[in-house]
Every structure is written in C-alpha cells, then in structure tokens.
Amino acid sequence: MKNLGMAVSVDAVGNLRGFYPGASTGAARILIGSHLDTVPNAGAFDGILGVVLAIGLVKLLDGLKLPFGIEVVGFSEEEGVRFGVPFIGSRALVGRLDEEFLGRKDANGISIRKAIQDFGLNPSEISKATLSDDCLGCIEFHIEQGPVLESLARPLGAVEAIVGQNRLEFSFSGQANHAGTTPMNLRRDALAASAEWIVAVESFARSTPGLVATVGFVEARPGATNVIAGTARATLDVRHASDRVRTEALDALIRHAESIAARRGLTVTWKTLLVQNAVAMDPLITNQIEQAIQKTGCEPHRMASGAGHDAMILAEKVPSAMIFLRSPGGISHDPAESVHLDDAAKALECGRHLLTQLAASQEFLGRTCRA
C-alpha cells in the first residue's frame, strides 16, 4: 500500500488501514476490505482475498483520483476463534468495544485488552479507530464459502442480506462415576445427554427450511476412558435469514436440551456468546454492484450470505454491500479452499466498474456516515 502512495497505519485494535486520497482535499471516503484472520486448519482465501482485491483496485487506478478517497481495511479479528466472540476489528470502527467486551478472556485467561497490550498497542486509543462522518459506504469482496454460485456457473454474486445468528455454550451436568460398576439405568451421563441433544439439533434444523444449526465443539470431563462423564460442554450456532424463525428455533432447541437433561436426571445451563440479527445490504450500492457485474459479461446473482461478515457490523453505521466470488466445490474453512484465477480477475473488473459508477452517482456522493 505504501508503494501505491497510500498512508498506512495500524489502529489500536490491530486493524491494518491504508488511505488513498480523493481528487480534492477533504473529499469523503469509501471503505473496501475484509479480514486478515481465519480459523484453525483453514484455507488461503477466506477474508484475505478481499483485502488483496481492495489493494488491487487501488493499483488499477494507476494514480487516478476519484471524487472520494479509498480506505483499504484489513480487519484484525473477524472469526472469533481465540476469544469466542467475532468481529473485534470491525466492532472498533462502529464504537462497540466497551470495557465488558475488552474483558473477555481466551482459554489461557488472557483478556482482549491484555492481548492488545501484548501486541504493542494501546487499548485506551481504540476510540480513535471509529469511522469518521465522511464515510460514504463500505464494500467487501469475499469468497462465497458455499456451493450456490458454482451450481449456477456464475463467477460473482451480489449479496442482498446477511443472515442472523446466535452462538451459545451449553453445559450438561450429571455425575461422574466408575464405568464398570455403575449400571446403565443408574447413570447420569452428561456426554450421552449432550450426544442425544446434538442429534436433536441436527434433526430439527433439517426439518426447518432455511435453518442451519451446528454443534461445532464438544468437551467431556473428566475425559477418561473408564469414567462416566460428569459434565459436557457444547457450543451451538444457529442461523436463518428471518430473525423470527431463528429466535423460535433457538427457543425450541433450548427446550430440547432441558427436556433431555430432565429425563436423564441432569441439569443444563447455557450462556449466550453472540446475538446478531439479520442485516440487509444497502440497496443503492447493491444495485450498482449488479450493474458492474453485468458489465464484466457475467450474469449477476442476488443472494443471502449464510456466514457473518465485517460488512454486517459496519452496516450499523454506514451503507454497506458485498460481492461474492465463486467457491470451487463450495469448500471453505479447510485447506482445500480455493478460488478461480479468472473469477478474481472478474472481481477486479467488477470493482473497477463499480468505482466508476459510484464516482458518477450524485445520490451516492451525497451520502454521509449515519450517526
């Protein structure tokens, strides 16, 4: 970014930011970017492709200045792997990192605040990362992470909405006991209860159109071969494009857990890790994206994103939109994750058309950042 004449900085929450100025002093700006982090055992494109494409668009300008500046952002933490809560980098831009949030700890007892300090940054300066009032919009390029575009043989998609999601952690508590001396009818097996519930989660989601529900982590204790599990901890991730359907599904899955625990003589508790409502993308920018895709010679496809993205956080304060690239095999969060080189080229071409269109749109240029 420095080689392209951009002013580069790292804010107090670790976001990498590069600013390419507009044609006039004090011109407004748009944000283009995605996240730098990914998940364990991941591929090479989730998140970072959107950052590289953003830099590529600035490079394609070849020094040309637009009516707005471009701020490229590589968000520091989107996945939520270490601290169990996602979107740390983008939350800073909309002013949603309070003291309670910064106090959340990882598995080693290190808080977000301490991790920021250990990285050499100053948490007291996080407020300086907040979006300024001159921001006209946010655009995020991202691999689809699913099979829809490939099934339609389309390289690019225009995202209309991002589904809502809830993340919870459930704890089943029974009684640890000897595996050889405790009859089956007298057991209070926490792991067996959680296993029954996990199957119920899958069955319920399969029977509810558009709903996805996942138990992605299970831990049983004491964790010995010859000991009945006294406690079992499991996560739950529930997503749907309708907030009503998602909320009703979550209530039903909690009742399932309570019923299973009661029947087996156990107790179950749960805590909420994340509540994120469904977020509509900005209609004006989405329409412009659709036109830009058409100008590349591709047939656009409007779609909802089943995954959460930084754009849904920024949409709280600034008009936001997303462009999906086809994911070969529909694979993501795995080393086999990939992208077609021709699709990346089409994404850059689409982005170049989009910048030209937005630069000529008086409706877009007249916008300001929402309070």
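A crossing of two helices is called left-handed if the near helix is turned anticlockwise from the far one by less than a right angle, and right-handed if clockwise. Keep that in mind for the helix views below. The model shown here is predicted, so local features need pLDDT of at least 70 and side-chain atom pairs count only at pLDDT 80 or more, while totals for chains, interfaces and linings use all residues. Residues are numbered from 1 along each chain as its sequence is written, and side-chain values use heavy atoms, with hydrogens and water left out.

**View 1. Helices α1 and α10 cross in a right-handed way.**
Helices (H or I, at least four residues) and strands (E, at least two) are DSSP runs, numbered from the N terminus. Here α1 covers residues 48-61 and α10 covers residues 341-359; their axes come within 10 Å and cross at roughly 60 degrees. (Axes are lines fitted to C-alpha atoms, for helices over the stretch in contact, and angles run from 0 to 180 degrees between N-to-C directions.) That angle makes α1 oblique to α10; angles under 35 degrees count as roughly parallel, over 145 as roughly antiparallel, 65 to 115 as roughly perpendicular and the rest as oblique. On the α1 side, look for L53, G56, L57, L60 and L61, which meet A344, A347, L348, G351, R352 and L355 of α10; contact means heavy atoms within 4.5 Å. These residues divide into eight nonpolar, two polar and one charged. (Ala, Val, Leu, Ile, Met, Phe, Trp, Tyr, Cys and Pro count as nonpolar, Asp, Glu, Lys and Arg as charged, and the others, Gly among them, as polar.)

**View 2. Helix α10 also packs with α8.**
Helix α8 spans residues 283-295, and its axis lies 8 Å from that of α10 at an angle of about 130 degrees. This makes α8 oblique to α10, and the crossing is right-handed. From α8 come Q288, I289, Q291, A292, I293 and K295, while α10 brings E349, C350, H353, L354, Q357 and L358. Sorted by class, the contact has six nonpolar, four polar and two charged residues.

**View 3. Helices α6 and α7 pack with their axes 10 Å apart.**
In this pair, α6 (residues 190-206) and α7 (residues 243-263) make an angle of about 150 degrees. The two are therefore roughly antiparallel to each other, and α6 passes α7 in a right-handed crossing. A193, E196, W197, V201 and F204 in α6 touch A249, A252, L253, H256, A257, I260 and R263 in α7. Nine of the contact residues are nonpolar, one is polar and two are charged.

**View 4. The largest pocket holds about 1200 Å³ of space.**
How is empty space found? Rolling a probe the size of a water molecule over the atoms shows where empty space is left. On a 1 Å grid over the protein atoms alone, a cavity is a set of points where a 1.4 Å probe fits but cannot get out, and a pocket is an open set with protein on both sides within 12 Å along at least five of seven lines; lining residues have an atom within 4 Å of a point. Grid points are joined across faces, edges and corners, and a volume is the space filled by probe spheres set on the points. This pocket is lined by 30 residues, and R167, G216, T235, D237 and L273 lie nearest its centre. Strands β7 (164-173), β9 (212-214), β12 (231-240) and β13 (267-276) each give two or more residues to the lining, with the largest share, six residues, coming from β12. The lining divides into 11 nonpolar, eight polar and 11 charged residues.

**View 5. The second largest pocket has about 330 Å³ of space.**
Of its 25 lining residues, Q145, R239, G306, A307 and G308 lie nearest the centre. β7 and β15 (302-305) are the elements that give two or more residues to this lining, and β15 gives the most, with three.

**View 6. The largest cavity has a volume of about 40 Å³.**
Its lining is made of L31, I32, G33, V73, F75, C138, E140, D310, A311 and L314. By class, seven of these are nonpolar, one is polar and two are charged.

**View 7. A cis peptide bond joins R221 and P222.**
Omega is about 15 degrees at this bond. P222 sits in the loop between β10 (218-221) and β11 (227-228).
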